[in-house]
Amino acid sequence: INSDALDLNLPSDNSSSSPPSVTPPTSTPVQPPAPSFISQYKKGSTYPKFSTSNNIVANETITYKTVGTTPLKMNVYYPSDGLKNKNIAIICFEGSAWVHDTANWDGGKLAQTAKYYANRGFVAITVCHRSITYSSDTDVYDLLEDCADAYKYIEDNLDYVNDDYMMLLGESAGGHLALQLSLDSRYGVNPHTVVAMNPVIDLNDKNIELNFATTLINLMKFT
């Protein structure tokens, strides 16, 4: 084989010779563009806050029950193409370790999620239940009772909701509430579908750390 013809540019047979040097590129590698939503949050800017509804306006705000002097509310978001005779409803329970500001609730962390589904033809409802920190004797059973009462209120009072197609959607601790309601017949809640997003389901994990030990004890009763 004629190596010259192949133009292999092989080094000469000289053990003292150094390997050919490699010249690094002088140009800066082109980075792929970041997703569009990333460009909105450049270094030093304010990241989106999910602790409030971000001023998303509901079509209805309803007080479904009152505990002591505290009204518990739900926000209803109509389908963007208008209400029909009977609509599929998605009922949203937010997370955050069963804690939120009950007195100043304005739609909650899942308001944006609710609006997303409303824009796709559903009736979407966010629900405020008592925070686990509402009082010293509040436990998770109280929160489940609130969520069950909200569900029953929707069944009994929102004529534009199809009772056969009510869906529960919960995120994190809200996923726990949605699952528990649907699995425990004592609450009388029979949703068509349950969507539990990264739910709390294993309460036996000894690594679980909560700021309220009594709550953990109450949660352990579910397992």
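Predicted model: local features only at pLDDT ≥ 70, side-chain atom pairs only at ≥ 80, totals over all residues.
These notes go through the strands, cores, cysteines and aromatic rings of the structure above.

1. Basis of the model. Residues are numbered from 1 along each chain as its sequence is written, and side-chain values rest on heavy atoms, with hydrogens and water left out.

2. Strand β3 and its partners. Helices (H or I, at least four residues) and strands (E, at least two) are taken as DSSP runs and numbered from the N terminus, and two strands are said to pair if DSSP finds at least two bridges between them. Strand β3 (residues 87–93) pairs with strand β5 (residues 161–171) in the parallel sense over 6 bridges, and 4 bridges join β3 to strand β4 (residues 123–127), again in a parallel arrangement. Within this arrangement Cys92 stands opposite Leu169 in β5 and opposite Thr126 in β4.

3. Burial of β3 and its crossover. With buried meaning under 20% relative accessible area, exposed over 50% and partly exposed in between (1.4 Å probe, protein chains only), 6 of the 7 residues of β3 are buried. The strand β3, helix α3 (residues 111–118) and β4 make a right-handed β-α-β unit; right-handed here means that, with the strands pointing away from the viewer, the path from the first strand over the helix to the second runs clockwise.

4. The largest nonpolar core. A nonpolar core is a set of buried Ala, Val, Leu, Ile, Met, Phe, Trp, Tyr and Cys residues joined through side-chain atoms within 4.5 Å. The largest such core has 35 residues, and those with the most contacts inside it are Phe93 and Leu181. The elements that give two or more residues to this core are β1 (60–67), β2 (70–77), β3, β4, α4 (140–157), β5 and α5, and the largest share, 8 residues, comes from α4.

5. Helix α5 and Leu181. Because 8 of the 11 residues of helix α5 (residues 173–183) are buried, this helix is largely enclosed by the rest of the structure; the buried residues include His176, Leu177, Gln180 and Leu181. Leaving aside neighbours within four places in sequence, Leu181 is in contact (heavy atoms within 4.5 Å) with Phe93, Leu144, Cys147, Ala148, Leu168, Tyr187 and Val189.

6. Cysteines. Taking a disulfide as a pair of cysteine sulfur atoms within 2.5 Å, the count comes to 0 disulfides. Cys128 is in no disulfide, and the nearest cysteine sulfur, that of Cys147, is 9.4 Å away. Cys128 is buried, with a relative accessible area of 1%, and Cys92 also counts as buried, at 1% relative accessibility.

7. Aromatic rings. Rings of Phe, Tyr and Trp (its six-membered ring) pair if their centres lie within 6.5 Å, and planes under 30 degrees apart count as stacked, over 60 as edge-to-face and the rest as tilted; by this rule there are 3 aromatic pairs. Tyr116 and Tyr117 form an edge-to-face pair, 5.1 Å centre to centre with 90 degrees between the planes, and Tyr117 and Phe122 form an edge-to-face pair at 6.0 Å and 80 degrees. Ring pairs thus link Tyr116, Tyr117 and Phe122 into a cluster, whose members are partly exposed: Tyr116 at 41%, Tyr117 at 26% and Phe122 at 23%.
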